[in-house]
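Please examine the structure shown below.

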Amino acid sequence: GTTVPVQVEVDTGMCRMGVSPEEAPALIESLVRETALELDGVYTHLACADETDLGPARAQLALFREVLAAVRARGIDPGLVHVANSAALLASAELASEIPDEVNAVRPGLMLYGVCPAPHLAGRAALAPVMSLRTRVANVRHVRPGEPVGYGATFRAKQRGRIATLPVGYADGVPWSLGNRGHVLVRGRRVPIAGRVSMDLLTLDVGESEIKIGEPVVVFGREAGREGGVLPVEQVAEVAGTIPYELLVRVGQRVPRTLDE
């Protein structure tokens, strides 16, 4: 009959999913005897590969090597063996002596977006960001000195100026925490967010600039065109008090996905 390929995760220190190192060899052996299943691979996941202290990663790798040795001792080919996420790939020089020789696959995640997992790993690979969150100005209105903008009136105009409204909000993946703190990119220039981020809308303090309805805006990433400016997702995440991973994956389903020419 048809067999189902499966991979076994060994929990070497993440304490999230997987079988313990002590139980892994016996479990894998019983899986190999199961006629309905086919062992496709064995792996573990590193919890601290993006830290400057790689001691915990080395300890995890030592446990994983012991499991692989026990599996081999039982005459079992583990198949695909993988441990390295994006951070471990970039730190592979420091971890080279600890990474098992059997490793024959990797699991890049954040690197596929062209984003570095940690500042101290920057420059170790030629990464180019591939994702941008863009919108267009939906409305522009004048405000008088002292006039409030947005929920809670947390922003009040210091002088006569203009407020631009964008049709994007926290339902689309813009962090609420960027209210009155973050910036967007318009014509290569950073423009401050004015007031709170709403579910569907975002307001900008554009002063007396000639920003018009329909003007392209970048929430994070690159402006369209080869000569456009860039607002790195890492910087937006830092201001929002989160990590780039979250911003990249939280963009709502109603946001259209398009490929740049």
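Asparagine 180 is partly exposed, with a relative accessibility of 36%; here buried means under 20% relative accessible area, exposed means over 50%, and partly exposed lies in between, for a 1.4 Å probe and protein chains only. The model is predicted, and local features need pLDDT of at least 70, side-chain atom pairs count only at pLDDT 80 or more, while totals for chains, interfaces and linings use all residues. Residues are numbered from 1 along each chain as its sequence is written, and side-chain values use heavy atoms, with hydrogens and water left out.

Asparagine 180 lies in the loop between β8 and β9 (183-186). Helices (H or I, at least four residues) and strands (E, at least two) are DSSP runs, numbered from the N terminus. Although asparagine 180 is not a glycine, its phi is positive, at about 60°. Most residues other than glycine have a negative phi.

Cysteine 15 also has a positive phi, near 55°, and is a residue other than glycine. Cysteine 15 belongs to the loop between β1 (4-9) and α1 (24-33). With a relative accessible area of 71%, cysteine 15 is exposed.

The sheet comes next. Three strands form an open, antiparallel sheet in the order β5-β8-β11; two strands pair if DSSP finds at least two bridges between them. Because β5 (139-143) and β11 (202-207) each have a single partner strand, they stand at the edges, and one side of each is left without a neighbour in the sheet. Five bridges join β5 to β8 (residues 161-166) in the antiparallel sense. Valine 140 has alanine 164 of β8 as its bridge partner.
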